[in-house]
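Visitor: I am new to this structure and would like to learn how to read its features. Please show me the model and take me through it.

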Amino acid sequence: MNSTALIQRINQIAPLSQMLEDFIVSSLKEEKFCKHDLLLKEGQVARRIYFIQTGFCRSYYLQDGKEYTTWFMGEADIMISVYSFFTQQPSAEFIEVLEDGIFLSMSWIQLQKIYADFPEFNLFGRIITEHYYIKSEERAIALRTLSATERYLSLIKSNPTILQKAALGQIASHLGMSLETLSRIRAKRIF
């Protein structure tokens, strides 16, 4: 198992003690997933948190038989159903692998043990949580304030390979627009 990328990411926040690093590494499980695998289904409790070494995935929920993509996550991202994982309650969303990949995972129980046994890890948890909360806020603001074209251009700028990894319908739902609107924007070739 290669946990180097995860350890490097954590060390960017603050240096880990060797004891904490060893404990984290011993708690990780390497898992390989294929395109279309589901890490989580609606109604299941999210028991694991995933660090994406390679691969790409999305979270989505169903409403009236229609999929709504909430997140895309790729290499070096952390993927969980936030509500389900932290409350240990059934999920309202699905997590689907869109590109074959290698993930490192840890159980909710293991993460709680790290927080309890290594109080300094709470700093890492807080900063990582802040990072993703800020991304969530930025997305919410963009959905309310940017035009459909601006949202599309922003997504392509921040994730230039997304068109090769996700279906256009998934991208359109993530951007809060219909597939027809996305197709019209793409047909204008404004990028």
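**Buried charges and what surrounds them**

Guide: R58 and E96 are both buried; buried means under 20% relative accessible area, exposed over 50%, and partly exposed in between, with a 1.4 Å probe and protein chains only. This is a predicted model, in which local features need pLDDT of at least 70 and side-chain atom pairs count only at pLDDT 80 or more, while totals for chains, interfaces and linings use all residues. Residues are numbered from 1 along each chain as its sequence is written, and side-chain values use heavy atoms, with hydrogens and water left out.

Visitor: What does R58 form with E96?

Guide: A salt bridge is a side-chain nitrogen of Lys or Arg within 4 Å of a carboxyl oxygen of Asp or Glu. R58 and E96 form one, and their closest N and O atoms are 2.9 Å apart. The pair links distant parts of the chain: R58 sits in strand 3 (residues 48-63) and E96 in strand 6 (residues 94-107), 38 residues apart. Helices (H or I, at least four residues) and strands (E, at least two) are DSSP runs, numbered from the N terminus.

Visitor: How many salt bridges are there by this rule?

Guide: The count is six. Another of them joins K165 to E99, with the closest N and O atoms 3.9 Å apart. This pair also links distant parts of the chain, since K165 belongs to helix 7 (residues 162-165) and E99 to strand 6, 66 residues apart. K165 is partly exposed, at 23% relative accessible area, and E99 is partly exposed as well, at 29%.

Visitor: Which helix holds both K113 and D117?

Guide: Both lie in helix 4 (residues 108-117), four residues apart, which is about one turn of the helix. K113 forms a salt bridge with D117, the closest N and O atoms being 2.5 Å apart. K113 counts as partly exposed because its relative accessible area is 42%. D117 is partly exposed too, with 41% relative accessibility. Salt bridges can also share partners, and in this way R58, E67 and E96 are joined into one network.

Visitor: How far apart are the mean positions of the positive and negative charges?

Guide: For this reading, Lys and Arg count as positive and Asp and Glu as negative, while His and the chain ends are not counted. Each charge is placed at NZ of Lys, CZ of Arg, CG of Asp or CD of Glu. The protein has 21 positive and 21 negative charges, and their mean positions are 6 Å apart.

Visitor: What does S91 contact, and is S91 buried or exposed?

Guide: Contact means heavy atoms within 4.5 Å. Leaving aside neighbours within four places in sequence, S91 is in contact with L40, K41, E42, G43, Q44, S81 and S84. S91 lies in the loop between helix 3 (82-87) and strand 6. S91 counts as buried because its relative accessibility is 5%.

Visitor: Which residues does V25 touch?

Guide: Not counting residues up to four places away in sequence, V25 touches M1, S3 and I7. V25 lies in helix 2 (residues 18-27) and is partly exposed, with a relative accessible area of 27%.

Visitor: What should I look for in phi angles?

Guide: Most residues other than glycine have a negative phi. D64 is not a glycine, yet its phi is positive, about 55 degrees. D64 is placed in the loop between strand 3 and strand 4 (66-73), and it counts as exposed, at 79% relative accessibility. Q88 also has a positive phi, near 55 degrees. Q88 is in the loop between helix 3 and strand 6, and it is buried, with a relative accessible area of 18%.

Visitor: How many helices and strands are there, and what is the radius of gyration?

Guide: The protein has nine helices and six strands. The radius of gyration is taken over C-alpha atoms, and the globule rule is 2.2 Å times the number of residues to the power 0.38. For 191 residues a compact globule would have a value near 16 Å, and the 18 Å of the protein agrees with that. Its C-alpha atoms fill a box of roughly 55 × 35 × 30 Å along the principal axes. Of the 191 residues, 41% count as buried.
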